[in-house]
Amino acid sequence: MRVSVADGGEIAEVRRRHLAALAYELEARGLSCRLAGPGGSMLRVHGPRTLRQIMVVATPVGAGWSYLWPGGGMADAAAAVVAADRIAGLLG
């Protein structure tokens, strides 16, 4: 088993980059997004037409990163477009 050791600042920066990429894709689909939580560790996503909202996190998984959201939602962070389509469908 390989264990990667990275400082918390590096992980936080990668997390924010993934969340920012997802926010860009979600905003292109008409959803409102805002970083929330300590150090921008979560993304609040709001569907302006339905008034529903969810929180999305990005977390290290294996050798990569994944987005997670309520209801068992999960997508590879390398595929922000796919995650945005799923979340837009949920909040649309």
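Me: Contact here means heavy atoms within 4.5 Å. In this predicted model, which residues does Leu 22 touch, not counting residues up to four places away in sequence?

Reply: The model is a predicted one. Leu 22 is among the residues with the most contacts inside the largest nonpolar core. Not counting residues up to four places away in sequence, Leu 22 touches Leu 43, Val 56, Tyr 67, Ala 80, Ala 83, Ala 84 and Ile 87.

Me: How many bridges join strand E2 to strand E3, and which residue in E3 is the bridge partner of Val 45?

Reply: Strand E2 covers residues 42–46 and strand E3 covers residues 53–61, and the two run antiparallel. They are joined by 5 bridges. The partner of Val 45 in E3 is Ile 54.

Me: Which residue takes a positive phi in the hairpin of E3 and E4?

Reply: Strand E4 (residues 64–69) runs antiparallel to E3, and 5 bridges join them. Val 61 stands opposite Gly 64 in E4. The hairpin has 2 residues between the strands, and the residue with a positive phi, near 60°, is Gly 62.

Me: Which residue takes a positive phi in the hairpin of E2 and E3?

Reply: This hairpin has 6 residues between the strands. The phi in question is near 65°, and the residue that takes it is Leu 51.

Me: Is Ser 66 buried or exposed?

Reply: Ser 66 lies in strand E4. Leaving aside neighbours within four places in sequence, Ser 66 is in contact with several residues, including Val 57, Thr 59, Met 74 and Asp 76. Its relative accessible area is 8%. Buried means under 20%, so Ser 66 is buried.

Me: Which residues make the nonpolar surface patch of about 230 Å²?

Reply: One member is found in strand E4, namely Leu 68. Leu 68 is partly exposed, with a relative accessible area of 31%. The patch is made by Val 61, Leu 68 and Met 74.

Me: What separates Glu 13 and Arg 16 in helix H1?

Reply: Glu 13 forms a salt bridge with Arg 16, and the closest N and O atoms are 3.2 Å apart. Glu 13 is partly exposed at 37% relative accessible area, and Arg 16 is partly exposed at 27%. Because the two are 3 residues apart in helix H1, they are separated by about one helical turn.

Me: How many residues apart in sequence are the parts that Asp 85 and Arg 29 tie together?

Reply: Asp 85 forms a salt bridge with Arg 29, with the closest N and O atoms 2.7 Å apart. Asp 85 lies in helix H2 and Arg 29 in the loop between H1 and strand E1 (32–36), so the parts they tie together are apart in sequence by 56 residues.

Me: Which residues are linked in a network of salt bridges?

Reply: A search of the whole structure finds 3 salt bridges. Glu 25, which is buried at 18% relative accessible area, forms one with Arg 29, where the closest N and O atoms are 3.0 Å apart. Arg 29 also pairs with Asp 85. The linked residues are Glu 25, Arg 29 and Asp 85.

Key: Residues are numbered from 1 along each chain as its sequence is written. This is a predicted model: local features need pLDDT of at least 70, side-chain atom pairs count only at pLDDT 80 or more; totals for chains, interfaces and linings use all residues. Side-chain values use heavy atoms; hydrogens and water are left out. Two strands pair if DSSP finds at least two bridges between them. Helices (H or I, at least four residues) and strands (E, at least two) are DSSP runs, numbered from the N terminus. A nonpolar core is a set of buried Ala, Val, Leu, Ile, Met, Phe, Trp, Tyr and Cys residues joined through side-chain atoms within 4.5 Å. Buried means under 20% relative accessible area, exposed over 50%, partly exposed in between (1.4 Å probe, protein chains only). Patches are made of residues with over 30% relative accessible area and no salt bridge: like charges are joined within 9 Å, nonpolar side chains (Val, Leu, Ile, Met, Phe, Trp, Tyr) within 5 Å. Accessible areas come from the Shrake-Rupley method with a 1.4 Å probe; for residues, only the protein chains shown count as cover. A salt bridge is a side-chain nitrogen of Lys or Arg within 4 Å of a carboxyl oxygen of Asp or Glu.
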